[in-house]
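Open the model in a viewer and keep the selection panel at hand. The stops below say what to select and what is there.

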Amino acid sequence: MNIEINSKSYKIEKAVATLLEAMIYIKENTEPTLNFDYGCKSGVCGACSVRVNGKEKLACSYTPQDGDKIEPLKYYPQKRDLIVDKSSQKELLKRVKARLISYNEQVLNSQDEAKTQIQSDCILCSSCYSACPVIEVNSLFAGPFALTKTYKYTIDKREGAVKEHIDVIQSNGVWDCTLCNECTLACPQGIDPKTDIVNLRNLSVQNGYMDPNIGNMSFGGGFGFDANGSF
Amino acid sequence: MRKVDILIVGSGIAGLSSAIKAKSLGADVAVATKGVATKSNSVMAQGGMNVALGNIDRDSPNLHISDTLKSSHNLADKEMVSKLCNGGIDAIKFLEEIGVPFSRLDGADTPLKSIAQRALGGASAKRACYAQDYTGLKILHTLIDGAVNLDIPIFEGLFLLELIKNNDSEVCGGLFFNFDSGEIEPIYAGKVIIATGGFGAIYSKNTNSATSTGDGLSAILKAGGELSNLEFVQFHPTTLKGSNILISESARGEGGYLVNCEGERFIDELSTRDKIAKAIFEQLKQNREVFLDLRHIGKEKLEHLMPQELKLIKQYANTDATQELVAIEPAVHYTMGGASVNEQFEVIGLKGCYCIGEASNANVHGANRLGGNSLLEAVTFGLLGASEALNTTASKIEEQKFNYILPIAKDSDNLEVYKAKNSLSDTLFKQVGIIRDEQNLLKALETIEELNIDSLKIDDTPKHSTLLIELLELQNASVLAKALIKSALWRKESRGAHIRSDYQDELIEFEKNSTVSKKDLV
C-alpha cells in the first residue's frame with residue numbers, strides 16, 4: 001500500500017490496522033525524521049488528528065486505504081510535517097470563559113448528567129475547527145469546540161454565572177456560524193457543535209441579545225447572501 | 001530568566017490539581033509539559049476514582065483503608081493510606097466544584113451524595129466515582145479549563161533534561177529542551193513538583209500513552225534522589241488482544257465474566273489485578289485463549305455505562321461486545337514504584353523537590369494497586385503536595401550556566417534509535433514480564449547494557465524533532481529499565497505484581513521497599 005504525506009509517497013510493506021501504525025512504520029523503517037504527533041493510540045487524547053483526502057480523521061482510528069493523501073490540520077500554523085501549533089486552543093478557551101465561573105451548590109441527577117454527557121466527551125482534537133469554513137474568512141471566529149465547551153458550562157446547573165458566558169460569545173461567536181454542519185460531521189466523538197451553537201443563540205436571545213444579521217437585514221441588507229444561513 | 005514560586009513538571013491530573021491548588025494559595029505557579037496537556041496519560045483512565053462516599057453500599061474511609069492495605073501485600077504505609085483515603089472527600093469536593101461532569105444518581109439530597117459509584121476489583125463496596133467510562137478524560141479537561149482560565153501558564157513542548165540544584169544542594173528549577181525552539185532553557189523555581197507519571201510505556205505491550213516514559217524519575221535519580229519499588233509493574237488483565245487497548249475494570253465491575261476458549265470461568269472477576277493477570281497468563285500459556293464476556297449484561301445497560309468500551313472494542317477488535325466474546329490479554333498498565341517521598345511528598349535524597357501521582361512511590365499501593373486508587377492519589381496528593389511545597393522555605397535561586405549536549409551528530413544512523421527502542425521494550429516484556437526469574441532478569445540486563453543507548457546519536461535538526469524526543473525518552477527508559485531489573489533481582493520472593501518462578505513465596509524478610517539510587521547504576 002502507498003500513502004502520501006504532504007505530497008510525498010511512502011510504501012507501507014506491512015499489514016496495518018490504523019493510519020497511525022502506517023506512520024509509525026514509516027518513521028521506524030524508512031524516514032525516521034518524519035514528524036507527527038500521537039499519544040494514547042485509542043482515540044481519546046486528540047493528538048493525532050490530521051486530514052485524510054481533505055477530511056479530518058484521528059490517525060489512530062482511521063483505517064488507511066491505498067492512495068490516501070495525508071495533510072496537517074487547517075488554520076493552525078504548521079510546525080513540521082504533520083505537527084501543527086494548537087496553542088491557540090487555550091487562548092480560545094480563555095476568551096469564551098470555558099470553565100465553571102461561579103459554583104452554585106446544586107444536587108444533580110441522571111438527567112443533568114445526560115444533558116452534558118456528549119459535550120464533555122470532547123477530546124480537543126480540533127477536527128471541528130479545521131473543518132469549519134468560517135475560520136477561512138474570519139480567523140477570529142471562536143469556532144465549534146470552544147462554543148460547545150462554553151455551552152456545556154451554561155447548561156450545567158452548577159453554573160451561577162451563565163450570562164458571563166453568553167456575554168463573551170456575541171462577537172466572533174455564535175452569530176458568525178453558518179450552520180453548515182461540517183463540524184458535526186468531522187467530530188470523531190459524535191458531538192454536535194452546530195446544535196450547541198443553535199442552542200447558544202436561543203440562550204443569547206433569552207439573555208437580551210439579538211441576531212445581528214436580522215438587524216442588518218431590517219435596515220437595508222435584506223437581499224443577497226445570508227451569511228447566517230438561517231431560514 | 002524565567003522564575004516562579006512553584007514549577008510543576010507534568011500536566012496530567014496530579015500536576016494540574018497541584019497547580020490549581022498552588023495558585024489558589026497565592027503562589028506564582030507554572031506547569032511545564034513535554035507534549036500538550038491533553039495528551040497526558042491521565043486522559044486514558046476509564047473506570048473511576050475511589051472515594052468512600054457510601055452512596056450505594058455502606059462504606060467508610062476505614063473500609064477503604066483496609067481494602068487498600070490488603071491489596072498492597074503488607075507494603076503500603078498505614079499513615080499514608082489513611083491520608084489518601086481520608087483525603088478523598090476533599091478531592092471529590094474540589095472536582096465537583098470546578099464542574100467535573102460525574103455520572104449521577106437520582107433522588108440525592110446533597111451534591112456529593114448524587115455521584116454515582118461502581119464496583120471495581122478488591123473493593124468491599126461500590127466505591128469508584130465515575131463519568132461513564134471517560135472518567136480521566138472528563139477530570140483532565142475540566143482541570144485544563146480551570147487552569148487556563150486561572151491564567152496558570154502551561155508551557156508545552158518542554159522536555160525535562162535535568163533538575164537544577166543550587167550550592168546548598170537544593171533543587172531550584174529544571175533544565176528543559178524546548179521542542180519549539182530547539183534550544184535548552186532553564187526555569188528556576190522556589191520548589192519543583194514532579195508529576196510526570198509512570199513508565200509503563202517502556203514495555204512493548206502496554207495500555208499507556210506513548211508519553212509514559214518516566215522522564216521525571218530519571219531526572220530525580222540522576223540528581224541524587226531515591227527511587228523505590230520499581231519492580232512492582234501492574235499488568236492490567238483485560239486489554240484487547242494484539243492492540244492492547246484498555247478495557248476498563250468497570251466491565252467486570254458491572255458484571256462481565258472472564259472465560260477461556262472452553263467457555264469456563266477460571267477466576268473471581270472481582271479479585272485484584274495481580275491475581276487475575278496471573279490467572280489469565282497461565283491460561284494463555286496452556287494455549288487457551290481468554291475472552292471477556294459482556295453479552296449477558298444487555299445492550300442498553302452497556303451503552304449507558306460503557307460507551308467508550310463498546311466503541312473501542314468495535315473499532316480495534318471489530319467485535320460487537322453486546323453479541324460476541326472479546327479476545328483479551330494482559331498488558332503493562334501502571335507502575336506502583338517511583339520516587340521515594342516522605343509524608344510531605346518531598347523526594348528522599350533531595351531538598352525542594354516534591355513528587356506526586358504515579359511518578360511517586362508515596363507508599364499507598366505497595367505491591368499491587370487497587371483500581372480507582374490512582375485517580376484518587378493524583379487528585380488528593382496533588383492538592384496536598386502543593387500545600388506542603390508552599391509550607392517550607394523556598395530554595396535559593398542561583399542563576400547558572402549549563403553545558404548540556406544534545407545527542408546529535410552528523411551522519412548518525414537514525415534507524416538505530418528504533419532498533420534499540422524496540423529491543424529494549426520487547427526484552428522488558430518477555431524477560432521482565434508477569435512471571436520472572438533470575439536467569440531471565442540477568443539476561444535482560446545484559447541485553448539492555450549491550451544496546452549502549454547512552455552512546456546513540458541522531459542526525460536531525462533539534463527544532464521540532466520528534467526523533468530527538470524519542471531518543472531522550474529512550475535514554476530515560478534505559479535508566480529506568482536497569483533500575484527496575486536490579487530491584488526485581490533484589491526481591492527474591494513473590495509479592496503482588498512481582499512474581500518470581502524461582503522464589504514463589506512471600507517472605508517476611510522482604511516486607512520492605514526495594515530502593516535504587518545513583519550509585520546502584522554505575
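Select Gln132(B), which sits in the loop between β5 (128-129) and α5 (135-149) of chain B. Helices (H or I, at least four residues) and strands (E, at least two) are DSSP runs, numbered from the N terminus. Phi of Gln132(B) is near 45°, a positive value in a residue other than glycine. Is Gln132(B) buried or exposed? Gln132(B) has 1% relative accessibility, so it counts as buried. Buried means under 20% relative accessible area, exposed over 50%, and partly exposed in between (1.4 Å probe, protein chains only).

This is a predicted model, in which local features need pLDDT of at least 70 and side-chain atom pairs count only at pLDDT 80 or more, while totals for chains, interfaces and linings use all residues; side-chain values use heavy atoms, with hydrogens and water left out. Residues are numbered from 1 along each chain as its sequence is written, and chains are lettered from A and ligands numbered from 1 in the order in which they are written.

**Next loop in chain B**

Move on to Ser169(B), in the loop between β7 (158-165) and β8 (171-178) of chain B. Ser169(B) is another residue other than glycine with a positive phi, here near 65°. With 43% relative accessibility, Ser169(B) counts as partly exposed.

**A strand residue**

Now select Asn260(B), in strand β12 (residues 257-260) of chain B. Asn260(B) counts as buried, at 2% relative accessibility. Which residues does Asn260(B) touch, not counting residues up to four places away in sequence? They are Phe266(B), Gln283(B), Arg288(B), Glu289(B), Val290(B) and Phe291(B); contact means heavy atoms within 4.5 Å.

**A helix in chain B**

Select helix α4 (residues 88-98) of chain B, where the buried residues include Gly88(B), Ala91(B), Ile92(B), Phe94(B), Leu95(B), Glu96(B) and Ile98(B). Just after α4(B) comes Gly99(B), with a positive phi of about 105°.

**All of chain B**

Zoom out to chain B, which has 14 helices and 20 strands. Its radius of gyration is 22 Å, close to the 24 Å that the globule rule gives for 522 residues, so chain B is as compact as a globular protein of that length. The radius is taken over C-alpha atoms, and the globule rule is 2.2 Å times the number of residues to the power 0.38. The C-alpha trace of chain B spans about 65 × 55 × 45 Å along its principal axes. Of the 522 residues of chain B, 65% count as buried. Among contacts in chain B with a separation of 6 or more, 74% are between residues 24 or more positions apart.

**Across to chain A**

Show both chains and select the contact, which takes 58 residues from chain B and 55 residues from chain A. Within chain B, Arg104(B), Asp145(B) and Asn149(B) lose the most area to chain A, together 12% of what that side buries. The size of an interface is often given as the accessible area lost when the parts come together. Here the two chains, B and A, bury about 4,700 Å² between them, 51% of it on carbon and sulfur atoms. Buried area is the accessible area (1.4 Å probe) that two parts lose on being put together, summed over both.

Select helix α1 (residues 19-29) of chain A, whose buried residues are Leu19(A), Leu20(A), Ala22(A), Met23(A), Tyr25(A), Ile26(A) and Lys27(A). Which elements cover them? The cover includes β1 (2-5), β2 (8-11), β3 (49-52) and β5 (69-71) of chain A, together with α12 (415-431) and α14 (466-490) of chain B.

**The rest of chain A**

Select Ser87(A), in the loop between β7 (83-84) and α2 (88-95) of chain A. Ser87(A) counts as partly exposed, at 33% relative accessibility.

Finish with chain A as a whole, which has 10 helices and 7 strands. Its C-alpha trace spans about 60 × 50 × 25 Å along the principal axes. Of the 231 residues in chain A, 52% are buried.
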